[in-house]
Amino acid sequence: MIMEMKDSGSVVLTAYHPHSPARIPGMEQSFVQDIPPSHSPTSRKSFSRCRRINRMLSNESAPPPAFSRSNSQASMDSTSMEDFWCEVESIKESSEDGSDEATLLEFKPADEGELEAEWLQDVGLSTLISGAEEEDGQALLSTLTRTQAAAVQKRYNTYTQTLRKKNKHTVRDVRDIFGTCDSSPTFETVPVSPVPSNGIQLPGQKPVWKSVSSNSCLDCGLDKGSPSVTEELSYEVSFSESITVLPKNQEWTKNQRFKKEDSALPKFIVRKSRFGLTEVGDLSPEDMKKIRYLSLIELTAFYDALGVELKRNRAERVRGRENGLFGVPLTVLLENDQKKVPGIKVPLIFQKLLLKLEETGLETEGILRVPGSASRVKNLHQELEAKFYEDTFDWEQVRNNDAAGLLKMFIRELPSPLFTVEYLPAFITLVEKISKIKLQLQALHLLIMLLPEANRDTAKAFLQFLKKVVANEGKNKMNLWNVSMIVAPNLFIYKGKRANQQEMQAAATTAHIVRLLIRYQDILWTVPSFLISQVRKMNEAAMNNSKRQLMFDKGVRKLLRRKTMERERPERLEGAVTFPPCLQSDIPEGVIRVYAPLHSKVSMAIQLNSQTKAKDILARFHCENSHGSSQNIRGQIQSLHEIGGNIGQHCLDPDAYMLDVYHENPQAEWVIKPKAS
């Protein structure tokens, strides 16, 4: 199967050039004509302020821009960024009106070595700081690839050198951790196969691919100007291991230019191997936590391989509101909402705003761009805070543009940005320092894997909505670039941070990031299989460590000695009883027992062959239980889950070939149940 994302081969991105003094004749006139008469008073005010912003950005005394462009592109760039600056001005006006009242984040400068210590903690290697011999840290280290191990070693070296300079407590020598006398780790790393495969590459095993047909793909909806050349993305090999040697003294940004046309984005193909594809919601929370550890290590190794510094903010956390709707941390909102709707993953107010706009606003011309009434939005905000949880708020009174304003206000007022304070600089860097779209997308993919669960689920719901807005471009006049410009300042100009000249120069950068997020979201929420392979190895290493620990437990050793002495007594040997082998060993090779606790027929032995897919097993259970199961169960979408062994829980792709998955994890149990929403 193929997952497609559309795009053009060589990508040219043109940034807004604030340094250019030239004005575009007729630009103001054409912009005013786009504004509906009903919004003229506010719009005239906003437009005049937008012109002042443009004049400020065109000042000859401004520093050179982050990006350069040719004269032939000047008209396109200045016009295309107008919406961005008007949105910035609209945000500023709402703040002046007192609508945005969230607590500001305070930033604290990091001492030397503190960032490395935080990094080691964030990747699950706090044991390297404490000196404790913990199994999880050892298991994680045993799964690292060559480039990942080098990234860990580099950060640990910096940390230990800093501690020695400060004469703090004794630190472990890096050779004690990596078992090496030089800079190259000698422990066994994950092998990198030259030809991609999914899951764990078995020794001598040839990678297996399923044949694909023309309709077995996921199209991301590039409907015009689509380039004929496609590029393949591989999930099977670590991104950092795939980086080729870069030319010396390569300058990334000098020729970096942005084009706003949708056809400027390439078309990517992600092939499904016989193990299928895995989305973020398909793995257990425990395994997703390990995915986050590995993603940060891999992202760091990826940036190291490109010669790019991975920048992070260090924010002093300021507690937000503990009740209400706006300005409340996502985790607190979800805790409150889950008391009302157990298992909910996206805040109820955010879901309701999205639903309102999807039902009535997708075809509204200028939706997201044309501002609602500031006074109405303020009143609706206050009314929602008072009535939403009482279910007495009248949604019929909310106009579409006002609902869009509330949606953007919700995102802006989050105490911490949706894409987190720590890694916002990394989002900017991936465009400013990395010129190739494929590499930008790989970095973005890892950053999405890094997001906390609440942020990731909320961002996913938001981007799915934005994709629907773009799909209705014919009626709402909002194409991908328009939507990206409007959304970017709401995501990247956040509380506690005022827009400065450098930020304004990065306007096109942030809009381009949003454009990538919208266009390639189906790729970004798929977990790279090389990370899943490492999680499997990590779980196997942890299990082996636990077994060894159990064998050396003092109490267990005493018990074993006593049992051994009893078995060696002659009278015991004469009357010894032979127990049958484990029931599992009675199951022939290639046969699995599948459990379906919600069906009338709760289990079934299935003989697997090389062509058996997960969906074939589901179809067989459906046929066997079509009359016995309740109507409620028949109405649910059932999925086959792999549970235990070297994975916590894994909802299988319907196209996964079961014999390959079985060989990957022979100790797993196989359960049919509804997929977690």
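**Sheet, cores and salt bridges**

Strands β9 (residues 638-644) and β11 (residues 669-674) run antiparallel and are joined by 6 bridges. Strands here are DSSP E runs of at least two residues, helices are H or I runs of at least four, and both are numbered from the N terminus. Two strands pair if DSSP finds at least two bridges between them. Ile643 has Glu669 of β11 as its bridge partner.

The model is predicted: local features need pLDDT of at least 70, side-chain atom pairs count only at pLDDT 80 or more, and totals for chains, interfaces and linings use all residues. Residues are numbered from 1 along each chain as its sequence is written, and side-chain values use heavy atoms, with hydrogens and water left out.

Now the whole sheet. It is open, with 5 strands in the order β8-β7-β11-β9-β10 and mixed pairing. β8 (603-607) and β10 (647-651) are the edge strands, each pairing on one side only. On average, neighbouring strands are turned by 25° against each other, direction ignored. Helix α26 (residues 614-624) packs on this sheet and touches β7 (591-595), β8, β9 and β11. The direction of α26 makes about 135° with that of β8. Axes are lines fitted to C-alpha atoms, for helices over the stretch in contact, and angles run from 0 to 180 degrees between N-to-C directions. Contact means heavy atoms within 4.5 Å.

Next, the cores. A nonpolar core is a set of buried Ala, Val, Leu, Ile, Met, Phe, Trp, Tyr and Cys residues joined through side-chain atoms within 4.5 Å. Buried means under 20% relative accessible area, exposed over 50%, partly exposed in between (1.4 Å probe, protein chains only). The largest core has 133 residues, and Phe419 and Phe465 touch the most other members. A second, separate core of 21 residues includes Ala596, Met604, Ile606 and Tyr662.

Finally, charge pairs. The structure holds 25 salt bridges, each a side-chain nitrogen of Lys or Arg within 4 Å of a carboxyl oxygen of Asp or Glu. Glu642 pairs with Arg536, their closest N and O atoms 2.9 Å apart. This pair links β9 to helix α23 (residues 529-551), 106 residues apart. Both Glu642 and Arg536 are buried. Arg274 forms a salt bridge with Asp660, also with closest N and O atoms 2.9 Å apart. Arg274 lies in the loop between β5 (267-271) and α10 (285-306) and Asp660 in helix α28 (residues 658-664), so the pair ties together parts 386 residues apart in sequence. Arg274 counts as buried at 11% relative accessibility, and Asp660 at 13%.
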